[in-house]
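Subject: Structure for your review

Hello,

Please find the structure below, followed by notes on what was found in it.

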Amino acid sequence: MATTSSTWNFDSESPLIGVGIDVEAADRFTAALPLDVKFGMVFGTAEARRIAGVVESSNEACAAFGAKEAVFKAIGVAFDPTDVVLQGGAMPGFRGVKMPLEITAERGVTSALAWVGHDLGEVTVVVWLFGHGGAR
Amino acid sequence: MQSADGQIENEIREMVYDFFSEECDVDRTEISDSTNIIEELEGDSLMFLSLLEKVRKRYGIGVELKTLARHLMKQPADTIGQVLALSVAIVKHGDDILNVEL
């Protein structure tokens with residue numbers, strides 16, 4: 001994968017089968033749910049630990065939530081949010097997204113890529129799903 | 001005399017209507033059970049999570065989001081009426097909601 005500020009290439013052998021975009025205001029996300037709720041209902045233990053260790057953790061938490069939302073928009077079905085995990089990395093930048101076999105097998109997803117960025121207090125996440133497609 | 005179930009339903013109705021009216025900055029009179037939350041009120045899932053947390057806190061229930069997600073896969077909640085019915089069912093059935101037809 002090669003990235004610049006305005007263009008990118010993703011060397012995937014599978015076609016693009018879904019795109020999801022989510023924009024969240026970091027302060028709204030922080031205010032909407034208490035910490036113990038976020039770190040239980042929305043984030044799993046390992047994910048919560050990773051987010052807590054990031055310098056700008058409120059932006060990172062917002063990005064991690066946004067990735068789950070973007071995946072939801074891309075596949076169009078509800079899932080347990082703790083199952084879909086944005087991998088660590090730069091912001092702005094490209095990241096991996098971990099998804100459970102239950103979803104990837106059913107939806108024919110072979111890989112997932114996210115772009116994460118933030119500007120003026122808003123975090124944007126774009127998720128691309130690649131694969132052969134599946135039952136919808 | 002109103003039943004306990006009826007009282008809870010009315011209380012949750014007030015909660016749901018007040019919540020979306022405030023969050024979406026819309027007058028309560030402009031909201032009805034058939035109002036589509038995303039298309040008409042520009043609501044989102046963060047609002048839904050926030051409402052769910054209020055309901056959980058108010059009634060001391062511990063329904064898991066995983067269970068709720070599975071329920072929503074079978075029966076989506078797009079309108080105020082559907083979210084209301086879902087909220088009432090969560091209070092009444094907790095994690096057993098998966099087996100409840102709304």
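**Notes on the model**

A:Pro92 sits in the loop between strand 4 (85-86) and strand 5 (93-98) of chain A; helices (H or I, at least four residues) and strands (E, at least two) are DSSP runs, numbered from the N terminus. The peptide bond that leads from A:Met91 into A:Pro92 is cis, with omega near 5 degrees.

This is a predicted model, in which local features need pLDDT of at least 70 and side-chain atom pairs count only at pLDDT 80 or more, while totals for chains, interfaces and linings use all residues. Residues are numbered from 1 along each chain as its sequence is written, chains are lettered from A and ligands numbered from 1 in the order in which they are written, and side-chain values use heavy atoms, with hydrogens and water left out.

**Chain A overall**

Chain A has 5 helices and 7 strands, and along the sequence they come in the order β-β-β-α-α-α-α-β-β-α-β-β. Of its 136 residues, 46% are buried; buried means under 20% relative accessible area, exposed means over 50%, and partly exposed is in between (1.4 Å probe, protein chains only). Among contacts in chain A with a separation of 6 or more, 58% are between residues 24 or more positions apart, where contact means heavy atoms within 4.5 Å.

A:Leu120 has a positive phi of about 50 degrees although it is not a glycine. A:Leu120 is in the loop between strand 6 (109-119) and strand 7 (122-131) of chain A, and is exposed at a relative accessible area of 82%.

**Aromatic pairs**

Over all chains there are 5 aromatic pairs. Rings of Phe, Tyr and Trp (its six-membered ring) pair if their centres lie within 6.5 Å; planes under 30 degrees apart count as stacked, over 60 as edge-to-face and the rest as tilted.

One of the 5 pairs is formed by A:Phe29 and A:Phe43, which are edge-to-face, 6.4 Å centre to centre with 65 degrees between the planes. This pair links distant parts of the chain, 14 residues apart: A:Phe29 is in helix 1 (residues 26-32) of chain A, and A:Phe43 is in the loop between helix 2 (35-42) and helix 3 (45-52). A:Phe29 counts as buried at 0% relative accessibility, and A:Phe43 counts as buried at 1%.

A:Phe43 also pairs with A:Phe39: the centres are 5.7 Å apart and the planes are at 50 degrees, so the pair is tilted. A:Phe39 is partly exposed, at 32% relative accessibility. Ring pairs join A:Phe29, A:Phe39, A:Phe43 and A:Phe65 into a cluster.

**Charges over rings**

A charge sits over a ring if NZ of Lys or CZ of Arg is within 6 Å of the ring centre and within 35 degrees of the ring normal. A:Lys38 lies over the face of A:Phe29, at 5.1 Å from the ring centre. In chain B, B:Arg58 lies over the face of B:Tyr59, at 4.8 Å.

**Chain B**

Helix 2 (residues 45-59) of chain B has 15 residues and spans 21 Å from first to last C-alpha, close to the 21 Å expected at 1.5 Å a residue; the expected span is 1.5 Å times one less than the number of residues. After helix 2 comes B:Gly60, with a positive phi near 60 degrees.

B:Glu42 is in the loop between helix 1 and helix 2 of chain B. B:Glu42 has a positive phi of about 55 degrees although it is not a glycine, and is exposed with a relative accessible area of 67%.

B:Ser21 belongs to helix 1 (residues 4-23) of chain B and counts as buried at 15% relative accessibility. Not counting residues up to four places away in sequence, B:Ser21 touches B:Val26, B:Asp27, B:Arg28 and B:Ile31.

**Interface**

At the interface, 15 residues of chain A are in contact with 14 residues of chain B. The area buried between the two chains is about 1300 Å², and carbon and sulfur atoms give 66% of this; buried area is the accessible area (1.4 Å probe) that two parts lose on being put together, summed over both. In chain A, A:Arg28, A:Met41 and A:Ala78 lose the most area to chain B, together 40% of what that side buries.

Regards
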